[in-house]
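Please examine the sequence and the model shown here. The explanation below it moves through selected strands and helices in turn.

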Amino acid sequence: MFACSQGRLPGLLGFCASQGKREAGSSRQEAHGGTATPSGSDTGNSMRKWNRHLVFLVAVFTGIFSLLATTTSPAGAAGPTSLPNTTSAAAAGKAKALGIWLPCTPDDFRKQMTRRLLGRTTDTVPAGRVKSTYNGTGAAIQMKATYGEKISLSVETSVGGSVEAEKVVKIALEAGWSQTVVKETTETNEYSPIVQPGTYLHLQPFVTNLYVLYEAANIEMMYWVGIVWCRGNDTPSHRVAKIPVAETMCMWTGPAGTHCPPEGRGRRGGGGAPPPGGTPAPPAGPQPVTSVHGLADGTLLSTTDTGRIYKMVGGAPVWQATCGDGICTTTPRPTTQAVINAGPATPRNGATVIDQRGRIHLFVGGAPLWQETCAAPVTCGTPVKVSSWSVDARDHMNTLPADGQLVQAKAGSTDLPVAATVGGALIPFASPQEVIDSGHGSNWAAKVVAISPGSYHNLGAIPADGTLVQGAAGGVSTPVAMILGGAALPFDSPQEVIDSGYGTNWASKVQGIPARHFHTLPSIPKDGTLIQGSLGSTPVAAIMGGGRVNFGSPQEVIDSGFGTDWASKVRAVPSRAFSALPTRMVDGTRLAKSGATSEAAVIGGARVDFHTEAERDAAGYGDKPRHVVPARVWDAMTTKIAEGTRLAKAGATSEAAVIGGARVDFHTAAERDAAGYGDKPRQVVPARVWDAMSTKIADGTLLGRSDNTAQGAVVGGAVVAFQSMEELEAAGYGAEPLLIVPPRVWDAMGTKIADGTRLAKSGATSEAAVIGGARVDFHTAAERDTAGYGGNPRQVIPARVWDAMTTRIADGTRIKDAGSTGQAAIVGGAKITFANIEELTASGYANRPMQVVPQRIWTALTTRIADGTRIKSPDAATVWLMGEGQRVVTTETTGAWTIPQRVIDSIPLR
């Protein structure tokens, strides 16, 4: 294609240079970017390391010279751009003219060098390694995208040297091939993304390099016998320069080992240096544009002061990253950046574009919504062709639709509801009247934009934090509320709205929504939301497990994983609303203790600790979000599981309910369902915790029987059944929760109240203790307290049950006098005192529970053993039968009570 008049260039693998002359008939092509490796510092190896750039650039010389033919100077002159010759020494001039070696100076050599730009291409490559931060908190959190270091960037040339670099940058800037040169990368990305648990936030700096092919007059220079010699040579020196013209910090989330997506390698938002990888636009036309208003879609504009190409879309100018793929098919009209900036900020509703990936985007509220289909009722029209970068960077576009836009979609044969955009989400309407009541007017139907079902659903249903909403229906409005973490927090007064940071013009920011939808919004923000009462009236708190967890200091906030920039994440809410939020975390929440490795789950409102990771995982908490709470909060949490909690044993099929603080097992699913636990949330606890739980239902628990309407209270381990609601309420159980148990459990509990139970008579002030199965009354509070029952729980029983209880202490009961150290056993209804501990032990009472009785009762107890009672001494086999206060030998030994020989000896023989 090119004539080789001077032979091949070194290292070009058989390609030859054209010296800037294009043969007739050569076709116009586009130059595309390639990859590059920065050159080394050794000048001798520099040319070989740059060969890959030279090979590539010469290989696309057809496109390069086509570019040269269409590149114009401000005066319209065509051809390559040259650095003007400077004044040269006579010797150097003669050397150039005659092509002979003559003495010169290095300065003469440098001044005489003439450079011409021949071609260019761009490429965006990594400027540093990937740095990754793992989100191991167990919850989706916002992470600061900080790389932590700046990487120096520099201009490099195939011949090396800072002077050469400065000169090639100068002619590149003068030619408009570059608007800037960057010297280092940034440390951060401007966004703080939400990173899902178990994934990484990756950061990697990228640099966009402009690779310039240029030629320099081949003035040869050599040192010989201490003199610098120069001579001219018509063979040009072809060189390559790499100029860093833009940089960006790519940020993406995902597993380890992933790479920066293509759309992440250019700046979002369209600011700063020109977008990378583009093909220059055709030369601008002669008619300058002083206003973009009224320009037809597809009109190309070229800013003469910033060197950008814009394309009109829906009345707005959109910056183009490239003119490839048929984006620039017409001659751009010249304008200035000020004119662009004065134009509309976003395209109008219904405008459409198609990017280089073939995706069609329809604009709603300034945001491009990707349409997976243009089937009716969607109207895609004739989309304007734009660069993919333009859409990804949202240049002259909103990230999300502006509030108050009406949309509708059709999914198959189903018409989806008309919906309004509020806080970037869709709020659907149930009727035309709801649309009108929400402030869209009676002509609302004319404002509806039809979009694809995919884009409809992708907008979501949760307005962004900070959105102000108010429900309306039938002329009646709800309170104004702020959206925070997906929840609606109502305000009580205009002052509350102002104090929460919305300003005195807050009313203009309120979006009307159906009252029906307003009332369906959650009342508790999502987990991870940071809040504080307005004007600093409360501590900072976080929502964890649906509960409000207050922080006691800034360090506690940081230690809980909210970062040193936590203050920027705090949202002000009315102090009233702050206080109304629950403080109990929902069951199933996985917790971690700040500053420690301890983990636990919230089960029945209690903190149930895991001793090992295996224990945690077996209970099903290994994959749940992990909420780090301050150590102070952790330590203050109860470890008592709430009543009515349905439990399951990890690693087994066993299930139970917590009733009266005890684990009440279900033997079958039918038993569980009949007790009303089939629909309750199932909380899995470690097997260790399950096995350690008590199976004794606590006194004072109100029980119900699952197979009938019977209700009773647990008193002394027994079920005391109530015969009427009046009886239940009089005993003080009217406000107690009713806990249903299987009939098997009810029946097994029995009706015998355990010894040591403190009783009270319903409807009276009478109190007593159960001693030996009998009701032993206290006449005074002092008597009760002296007997040691003042601190025992008081169990109220119906008067009917009180009156029916026996007052005779059962045989075999060990008792003690409250007023002395005396102890005795009840045998045959009589008090048999022990003279010493040896007698007590020998008679077999050492391991029996001791029941303290009032001194009055002790004194009143008879010492005459009832007739028919059989007794024996500890050391003798003889059994005696009592009758009329006397004893007689009997052969019937069953049921004989052992008493001291001393006592037997004191009983007369019959």
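This is a predicted model: local features need pLDDT of at least 70, side-chain atom pairs count only at pLDDT 80 or more; totals for chains, interfaces and linings use all residues.

Residues are numbered from 1 along each chain as its sequence is written, and side-chain values use heavy atoms, with hydrogens and water left out.

The description begins with an open sheet of four strands, ordered 27-26-25-28, whose pairing is mixed. Its edges are strand 27 (487-490) and strand 28 (510-514), each of which pairs on one side only. Direction ignored, neighbouring strands of this sheet are turned by 40° against each other on average. Strands here are DSSP runs of E with at least two residues, helices are runs of H or I with at least four, and both are numbered from the N terminus; two strands pair if DSSP finds at least two bridges between them.

Within the sheet, strand 25 (residues 468-473) pairs with strand 28 in the parallel sense over five bridges. One point of reference is Gln470, whose bridge partner in strand 28 is Gly512. Helix 8 (residues 432-440) lies across strand 25 and strand 28, and runs at about 165° to strand 28. Such angles run from 0 to 180 degrees between N-to-C directions, with axes fitted as lines to C-alpha atoms, for helices over the stretch in contact; contact means heavy atoms within 4.5 Å.

Helix 10 (residues 494-502) contains the buried residues Glu496, Val497, Ser500 and Tyr502. These four cover an arc of only 115° around the axis, so they lie on the same side of helix 10. The arc is taken from the directions from the helix axis to the C-beta atoms, and buried means under 20% relative accessible area with a 1.4 Å probe, protein chains only. Their cover includes strand 25, strand 26 (476-484), strand 27, strand 32 (570-573) and helix 13 (575-580). After helix 10 comes Gly503, with a positive phi near 75°.

Strand 41 (residues 702-705) pairs with strand 42 in the antiparallel sense over three bridges, with Leu702 partnered by Ala713. A hairpin through five residues joins these two strands. Strand 42 also runs antiparallel to strand 43 (residues 718-721), joined by four bridges, and Gly712 stands opposite Ala721. The hairpin of strand 42 and strand 43 has two residues between the strands, and in this hairpin Gly716 takes a positive phi near 60°.

How values were computed: Buried means under 20% relative accessible area, exposed over 50%, partly exposed in between (1.4 Å probe, protein chains only).
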